Amino acid sequence: MTSQTTAVTPILSRAGILPPLPGNVGQTFALQKAVAAFRIMDAELDITCFDGPAGTGKTTACAYAAAESRRTWRYCILPLRANPKDLTAKVYEAVFQRSARGTERQMTNMLVDRLCEGGIGLIADEVHHVGLAGAQQLRYLWDQAARQSAPFPMLLVGCDVRRELEKADEVRSRVARWVSFDVITDLEDVQAIAAAQHPRLAATKPEVIERMNERVARRSIRTWHQIGKHIAYLPSTDPSGKKATGLTAEDVRALRSLLGEEAA
């Protein structure tokens, strides 16, 4: 008896899955705006863009807003300087959660058919990796679904996206709303972010938190998340967690050293 082997498309278990949501998310003004914009996009089935530098909380805002939605969201990080087929393959793998197969046209047609079925939304991160040509491809996917009266919500995430899309009005005009992210300088936002990371930060004097934002976190939400993780390992931190005391000057120096900022 001769056995026949059937080709099986590998399942990609983590494809399309959003990064985990940090345990403690500070309720900043930018986050609140992002959640509101995300809800409108989810309801109106159109396109939104989160635009800003790295480390300013864009991906965290995506995960936070998506967790509140009843829709299934597929997330992909767009490859750097990808050609059209590679970009389509990355989106295909996120949507179908299996390895890409077929020609670019075949994958595009399957993507449009699936997106038209409804129930899912697409989050495309690092849009600046693919430039205007890549954004055109994503716009084409949405347009194809819209022409069949079955648009889907799509979130574009990246750095300097607005400036790049200004070169082509047919793409920029498809974006229904924009949320700008930037380094954190507003003192209320700084306090909210810091307090959310660790009880000891919530107990630290506001003027110390302000200096830490400038000299240790460098105004980055991502670095504040790292600071929160490291505080648990400071010698002065009570392992039982029963007593939350504010950070001392020595604690701040230790954190600067751990984060490579001691010479800054």
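**View 1. Phe38 and Trp73 form a tilted ring pair.** Phe38 is buried, at a relative accessible area of 1% (buried is under 20% relative accessible area, exposed over 50%, with a 1.4 Å probe and protein chains only). Trp73 is buried too, at 7% relative accessibility. The model is predicted: local features need pLDDT of at least 70, side-chain atom pairs count only at pLDDT 80 or more, and totals for chains, interfaces and linings use all residues. Numbering starts from 1 along each chain as its sequence is written, and side-chain values use heavy atoms, without hydrogens and water. Across the whole structure, a search finds three aromatic pairs (rings of Phe, Tyr and Trp, the last by its six-membered ring, with centres within 6.5 Å; planes under 30 degrees apart are stacked, over 60 edge-to-face, the rest tilted). In one of them, the ring centres of Phe38 and Trp73 are 4.7 Å apart and the planes stand at 50°, so the pair is tilted. Phe38 sits in helix α1 and Trp73 in strand β2, 35 residues apart (helices are DSSP runs of H or I with at least four residues, strands runs of E with at least two, numbered from the N terminus).

**View 2. Phe50 meets Phe181.** Their ring centres lie 5.5 Å apart with planes at 50°, so this pair is tilted. Phe50 belongs to strand β1 and Phe181 to the loop between β5 and α8, so the pair ties together parts 131 residues apart in sequence. Phe50 is buried at 0% relative accessibility. Phe181 is buried at 5%.

**View 3. Five strands make an open, parallel sheet.** The order is β2-β3-β4-β1-β5 (strands pair if DSSP finds at least two bridges between them). β2 (72-77) and β5 (175-180) are the edges; each has a single partner strand, so one side of each lacks a neighbour in the sheet. β1 (residues 47-51) pairs with β5 over five bridges, in the parallel sense. Asp51 has Ser180 of β5 as its bridge partner.

**View 4. Helix α11 (residues 221-231) has a buried side.** Its buried residues are Ile221, Trp224, His225, Ile227, Gly228 and Ile231. They cover an arc of only 160° around the axis, which puts them on the same side of α11 (the arc is that of the directions from the helix axis to the C-beta atoms). They pack against α2 (58-67), α8 (187-197), α9 (199-202), α10 (206-215) and α12 (249-258) (contact means heavy atoms within 4.5 Å). Exposed Arg222 and Lys229 sit on the face turned away from the buried side.
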